[in-house]
Amino acid sequence: MKQLTLSTASRNEYVDITAQVRAAVKEAHIEEGLCVIYCPHTTAAITVNENADPSVFRDIREHLGALVPEGKNYAHAEGNADAHIKSALFGCAQPVPVTKGALALGTWQGIFFCEFDGPRKRNVYVQCIKQ
Ligand code: ZN
C-alpha cells in the first residue's frame with residue numbers, strides 16, 4: 001500500500017491527486033486489477049470527477065455549501081458537522097479499475113481528494129489489488 005500525504009490550504013478544497021495515484025499504480029507493477037483510493041478521515045472524502053474545467057469544482061463547492069451550510073444549528077458540538085455530512089455524501093473511498101497497467105479513467109476524469117475541514121495535513125492510502 002502506498003501512502004500519500006497532502007497539506008490542504010483552505011477549509012473546502014478539491015485536490016487533484018490523479019498523477020500521484022498513477023505513480024502508485026506504476027510502482028505496484030500490476031497489469032490488470034483494481035486500485036482503491038481511501039482516505040482515513042471523517043471530514044474529507046475521495047471523488048472522481050472532471051479534471052479539465054475548473055468551473056466544475058467551483059460549482060460543486062458553491063452548491064454543496066448551499067446544500068450543507070457551515071455554522072447551522074447542528075447537534076455535533078465540534079463545529080464541523082457540515083464537513084462530516086459532506087464527507088458522508090462523497091464517501092471515503094473510490095475504486096478505479098486497472099487495465100494494461102494503467103487506471104481506466106475516462107478522458108475527462110480525475111481523482112480528487114476533497115477537503116471539508118481544512119487547512120490540515122491529510123493522508124490518502126492507495127491500494128492496488130492484482131486480478
Ligand atoms: Zn467533528
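In this predicted model, a zinc ion is held by four residues: His76 through NE2, Glu78 through OE, Asn80 through OD1 and His84 through NE2. The angles between the four donor atoms at the zinc ion span 90 to 151°, so the arrangement is irregular. A tetrahedral site would need all angles to lie between 85 and 135 degrees.

| Residue | Relative accessibility | Class |
|---|---|---|
| Asn80 | 5% | buried |
| His84 | 24% | partly exposed |

Asn80 counts as buried because its value is 5%, and buried means under 20% relative accessible area.

Helix H3 covers residues 81-90. Its buried residues are Ala81, Asp82, Ala83, Lys86, Ser87 and Phe90. Just after H3, Gly91 has a positive phi of about 95°.

The partner helix, H2, spans residues 55-67. How do H2 and H3 pack, and at what angle? Their axes lie 11 Å apart, at an angle of about 120°, and the two helices are therefore oblique to each other. The crossing is right-handed. On the H2 side, the contact involves Ile60, Leu64 and Leu67; on the H3 side, Lys86, Leu89 and Phe90 take part. Of these H3 residues, Lys86 and Phe90 are among the buried ones.

Technical notes
Residues are numbered from 1 along each chain as its sequence is written. This is a predicted model: local features need pLDDT of at least 70, side-chain atom pairs count only at pLDDT 80 or more; totals for chains, interfaces and linings use all residues. Side-chain values use heavy atoms; hydrogens and water are left out. Donors are N, O and S atoms within 2.8 Å of the metal (3.2 Å for Na, K and Ca); water is not among the atoms, so sites may look incomplete. Four donors count as tetrahedral if all angles lie between 85 and 135 degrees; four count as square planar and six as octahedral if opposite donors are over 155 degrees apart and all others between 65 and 115; anything else is irregular. Buried means under 20% relative accessible area, exposed over 50%, partly exposed in between (1.4 Å probe, protein chains only). Axes are lines fitted to C-alpha atoms, for helices over the stretch in contact, and angles run from 0 to 180 degrees between N-to-C directions. Helices (H or I, at least four residues) and strands (E, at least two) are DSSP runs, numbered from the N terminus. Angles under 35 degrees count as roughly parallel, over 145 as roughly antiparallel, 65 to 115 as roughly perpendicular and the rest as oblique. A crossing is left-handed if the near helix is turned anticlockwise from the far one by less than a right angle, and right-handed if clockwise. Contact means heavy atoms within 4.5 Å.
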